[in-house]
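Work through the exercises below on aromatic rings and the charges placed over them. Each task is followed by a stepwise solution.

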Amino acid sequence: MNDASRSSALIVGCGYLGRRAADCWHQAGVDVYVTTRSERKAVEFRSAGFHPIVVDLSRAESSNVPLPDVDHVLWAIGFDRSGGTSRETIWLDGLRRLLQSIGKSPRHFTYVSSTSVYGDADGAAVDESTTPDPATEAGICCLKAESLLREFCNRRHPSTRVCVLRLAGIYGPDRLLQRIESLKSLQPLSVVPDQPLNLIHVDDAVRLIDSIRRAVDTAGSDIPTLVNGVNSGTLTRRDYYTALAELVGAPPPVFADDPMPSQRGGNKRVTSTRRDRLPAVCQFDDVRAGLRHAVANSKKQ
């Protein structure tokens with residue numbers, strides 16, 4: 001790809017998922033801009049070949065930070081429970097400030113949402129045609145943010161293609177340590193063991209994100225506007241934690257008699273009728289294979 005044909009991207013949220021997407025796009029020859037709240041991280045990102053923008057979108061003054069004109073925008077901001085900032089401040093106010101700061105309309109905007117917007121389906125399957133009915137604060141906030149993005153782009157950036165990527169629970173290297181410690185110490189897991197556990201390996205999430213970018217760059221607007229990002233090999237929580245215990249040499253999992261109330265929104269099997277429309281092949285549809293990869297590539301166990 002020569003300089004004249006290089007595409008550009010802004011990644012908002014360069015954490016566990018966003019950093020991997022940034023590496024993927026940089027290796028593909030995309031000019032990658034990333035946001036960060038940390039000057040130290042900015043130095044790290046610059047050395048990796050990215051263009052860092054130091055900004056805290058939870059603060060009102062962030063509206064004055066100039067943003068580059070880019071072809072693609074990826075919103076991949078997670079939630080730090082220890083950060084002292086509410087989900088609404090980050091996911092809604094922050095998104096609104098970002099949108100108001102964008103000048104030239106990007107060709108495409110990928111918003112990383114969550115399958116928590118579907119709520120509880122009493123064990124039934126849900127797909128992109130299912131009406132959202134969130135039961136948790138996170139699901140409610142994600143659904144509001146999806147609507148905010150679509151309404152804003154329809155009004156201010158009508159040429160921008162929006163794709164909402166509702167991701168299941170992300171797992172992968174260095175995302176299993178807490179659960180491994182619980183298994184090894186025989187700490188009861190506060191989950192409903194025989195409910196479905198909807199997951200996506202972080203590398204497969206990046207493949208989906210990149211496939212959206214590639215579809216826009218090569219085929220224009222022929223991409224779905226909503227996709228569930230989930231590996232198709234759904235396991236129960238019992239099967240998942242039993243497989244993880246075997247991989248790390250821990251005793252079989254122990255489950256709490258009275259799981260946390262937050263588990264009430266998790267009884268559903270998430271599927272996708274639109275994932276196949278993207279030019280991506282998920283490597284870890286077999287979640288057990290994904291677990292083996294994650295354990296083998298974790299720095300700590």
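**Exercise 1.** Determine whether Y171 and Y240 are buried or exposed, then classify their ring pair.

Solution. Y171 has a relative accessible area of 2%, so Y171 is buried; buried means under 20% relative accessible area, exposed over 50% and partly exposed in between, with a 1.4 Å probe and protein chains only. Y240, at 5% relative accessibility, also counts as buried. This is a predicted model: local features need pLDDT of at least 70, side-chain atom pairs count only at pLDDT 80 or more, and totals for chains, interfaces and linings use all residues. Residues are numbered from 1 along each chain as its sequence is written, and side-chain values use heavy atoms, without hydrogens and water.

Next, the geometry: the ring centres of Y171 and Y240 are 6.4 Å apart with 85° between the planes, which is edge-to-face. Rings of Phe, Tyr and Trp (its six-membered ring) pair if their centres lie within 6.5 Å; planes under 30 degrees apart count as stacked, over 60 as edge-to-face and the rest as tilted. Finally, ring pairs join Y171, Y240 and Y241 into a cluster.

**Exercise 2.** State how many aromatic pairs the whole structure holds, and classify W75 with Y111.

Solution. The search finds four aromatic pairs. For W75 and Y111, the centres are 6.2 Å apart and the planes at 20°, so this pair is stacked. Both W75 and Y111 are buried.

**Exercise 3.** Which charged end sits over the ring of Y16, 4.2 Å from its centre?

Solution. That of R175. R20 also lies over the face of Y16, at 4.3 Å from the ring centre. The criterion is NZ of Lys or CZ of Arg within 6 Å of the ring centre and within 35 degrees of the ring normal.
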